[in-house]
Amino acid sequence: MGIPSDGWMKLSSRYKRGARDLITDVPGILVGHRTVDDPSRDIHTGVTAIVPADGDVFQEKIPAGVAVINGFGKSAGLLQVEELGTIETPIMLTNTFGVGTGINALTKYMLERHPEIGVSVGTVNCVVTECNDGKLNDIRGMHLTEDDFIQALDSADVTFDEGAVGGGRGMVCMGLKGGIGSASRIVDVGQQGFTVGTLVMTNFGSAGRLRINGEKTSDGKPFYEIMKGLRSSSPYEKDSGSCILIIGTDLPLDSRQLTRIAKRAAAALGKTGSFIGTGSGDIAIAFSNGNRIPYDEKGLFSMRTAGESAMDEIFEATVECLEEAIISSLYHGESMTGIRGNRVRSLAELAAEGR
C-alpha cells in the first residue's frame, strides 16, 4: 500500500514510513470503503469511513483541530470540532449531495450504540466531509443510501484500497483520476517513536499543474514534459473541486497543537501544484488518539502533550506524508469514462506514454 519503493513513481522521504504506509499504521485507526459503481447509469461514487480510535470515542473523545484552507465546501460537524476541540464519531468522506444522507446514517449508527444520546446527555456531533464528484458521477441522482454509509463503517479495517474507491470513486485531481490516498511516517519525540498517518480524498487542481519530487520523475525527466499534453487537452482548467485531508496520530497532542498541524496541510497542496483556487473546498482535520477526554468533564483529568520544540519535525513529517498521500491517490487511480462522456486518464497511463 502507499507507493511501493520499487514502483515507477519513487518519492523521497526524510522520515521512515510505517509498516503499511497507510493511516492505519496509527494504532486504533481503521478505514472502510463502500464503492457504488454502475457505468450503465453513470453512477461512480461511494463512501469512505475513518474510525479514529479504538474503544468508545463518544464516551472518551479525542482531541482534534480543523483548518478550513478554503471554505468552498459543505462538510458537517466542523464548527463544533473547532469550538470544543474534540471528535466523538467516525469521520465520513463522500460526495457533496451525500452529506445529508451521511449525517442521518452516522447519527443512527451512534444512537444505536448510545441510548443515552438525546436523553440523559446531549446530542452527537457527526463529522461528514465531501468533494464534488459530478464530473464523472450522476451526482444529481443522489444514489447513496444510509446503508452505504453503514457498510463503509462495518468494513473498516487496518488494510484498505487506495485510488478510485469509496468516496474517491468519482473524483478528479489535476485533470487526472483522483480518489483516496494514504501514507504514514514515524516521528521520534522524547526518545519514543510515534506515527503520523494521513488519508486524503483528492478532487482539486487544474490539468497540467501536477508537481512530483520538485517537478522531476524518479529517472530525472522533467515531469512537466509528461503533463503538458494533458493541460492543453483537458476541459478542466480551473483550480477547483476540493480536497479533504485527514491527519491522525498517536502522539499525545492537544487541540491547539492539532489545529496548527492541520494548517500545514496547505503546504502539501502547494507542493503538488495547487494554488488553492476560489472554487476548491480544502478542509484539513487533525486528531490524536494518544489522549482521551472523558465525556463527563466536570472534574479534573490529566492529559499529556508534546513540547512545542517538537512541533517542527511533526509539521515536516505531516507535510511529507500528505504529499505522498495525494500522489498515492493518483498512483492508484484508473482511467475512467463517466457521465456525459467525460473521460479522465490515470497517472500511470499518462506517465507510461511520456516516458
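## An enclosed strand and its surroundings

Strand β10 (residues 192-202) is largely enclosed by the rest of the structure, because 9 of its 11 residues are buried; here buried means under 20% relative accessible area, exposed means over 50%, and partly exposed lies in between, all with a 1.4 Å probe and protein chains only. The model is predicted, so local features need pLDDT of at least 70 and side-chain atom pairs count only at pLDDT 80 or more, while totals for chains, interfaces and linings use all residues. Residues are numbered from 1 along each chain as its sequence is written, and side-chain values use heavy atoms, with hydrogens and water left out.

**The chain as a whole.** The chain holds 8 helices and 15 strands, where helices (H or I, at least four residues) and strands (E, at least two) are DSSP runs numbered from the N terminus. Of the 355 residues in the chain, 57% are buried. Among the contacts in the chain with a separation of 6 or more, 79% are between residues 24 or more positions apart, a contact being heavy atoms within 4.5 Å.

**Strand β10 and its partners.** Strand β9 (residues 179-189) runs antiparallel to β10 and is joined to it by 11 bridges; two strands count as paired if DSSP finds at least two bridges between them. One of the bridge pairs sets Asp 188 against Gly 193 in β10. The two strands β9 and β10 form a hairpin with 2 residues between them, and Gly 190 in the turn has a positive phi of about 60 degrees. β10 is also joined to β11, again in an antiparallel arrangement, by 7 bridges, and in this pairing Gly 197 stands opposite Gly 248 of β11.

In a regular strand the side chains alternate between the two faces of the sheet. Val 187 lies in strand β9 and counts as buried because its relative accessibility is 3%. Leaving out residues up to four places away in sequence, Val 187 touches Tyr 15, Gln 192, Gly 193, Phe 194, Val 196, Glu 313, Ile 314 and Ala 317. Val 187 and Ala 310 are 123 residues apart in sequence, yet their C-alpha atoms are 9.6 Å apart in space.

Most residues other than glycine have a negative phi, and most peptide bonds are trans. Gln 191, found in the loop between β9 and β10, has a positive phi near 60 degrees although it is not glycine, and at 86% relative accessibility it counts as exposed. Arg 340, whose place is in the loop between β14 (336-337) and β15 (343-344), likewise has a positive phi near 60 degrees, and it is exposed with a relative accessible area of 63%.

**Two buried positions elsewhere.** Thr 89 lies in the loop between β4 (86-87) and β5 (91-95), and this residue is buried, with a relative accessible area of 0%. The side chain of Thr 89 reaches the backbone nitrogen of Val 127 at 3.5 Å, and among the residues that Thr 89 touches, beyond those up to four places away in sequence, are Pro 52, Leu 106 and Cys 126. Ala 284 lies in strand β12 and counts as buried at 0% relative accessibility. Ala 284 and Leu 245 are 39 residues apart in sequence and 4.6 Å apart in space, C-alpha to C-alpha.

**Cavities.** On a 1 Å grid over the protein atoms alone, a cavity is a set of points where a 1.4 Å probe fits but cannot get out, and its lining residues have an atom within 4 Å of a point. Grid points are joined across faces, edges and corners, and a volume is the space filled by probe spheres set on the points. By this rule there are 2 cavities of 30 Å³ or more. In the table, Ala, Val, Leu, Ile, Met, Phe, Trp, Tyr, Cys and Pro count as nonpolar, Asp, Glu, Lys and Arg as charged, and the others, Gly among them, as polar.

| Cavity | Volume | Lining by class |
|---|---|---|
| Largest cavity | about 60 Å³ | 4 nonpolar, 5 polar and 1 charged residues |
| Second largest cavity | about 40 Å³ | 8 nonpolar, 2 polar and no charged residues |

The lining of the largest cavity includes Asn 95, Phe 97, Asp 138 and His 143. The lining of the second largest cavity includes Val 196, Ile 247, Phe 287 and Ile 314, and β11 (243-249), α5 (255-263), β12 (281-288) and α7 (311-331) each supply at least two of its residues.

Methods:
On a 1 Å grid over the protein atoms alone, a cavity is a set of points where a 1.4 Å probe fits but cannot get out, and a pocket is an open set with protein on both sides within 12 Å along at least five of seven lines; lining residues have an atom within 4 Å of a point. A polar contact is a pair of N or O atoms within 3.5 Å; within protein, one must be able to donate a hydrogen and the other to accept it, and residues adjacent in sequence count only if both atoms are side-chain atoms.
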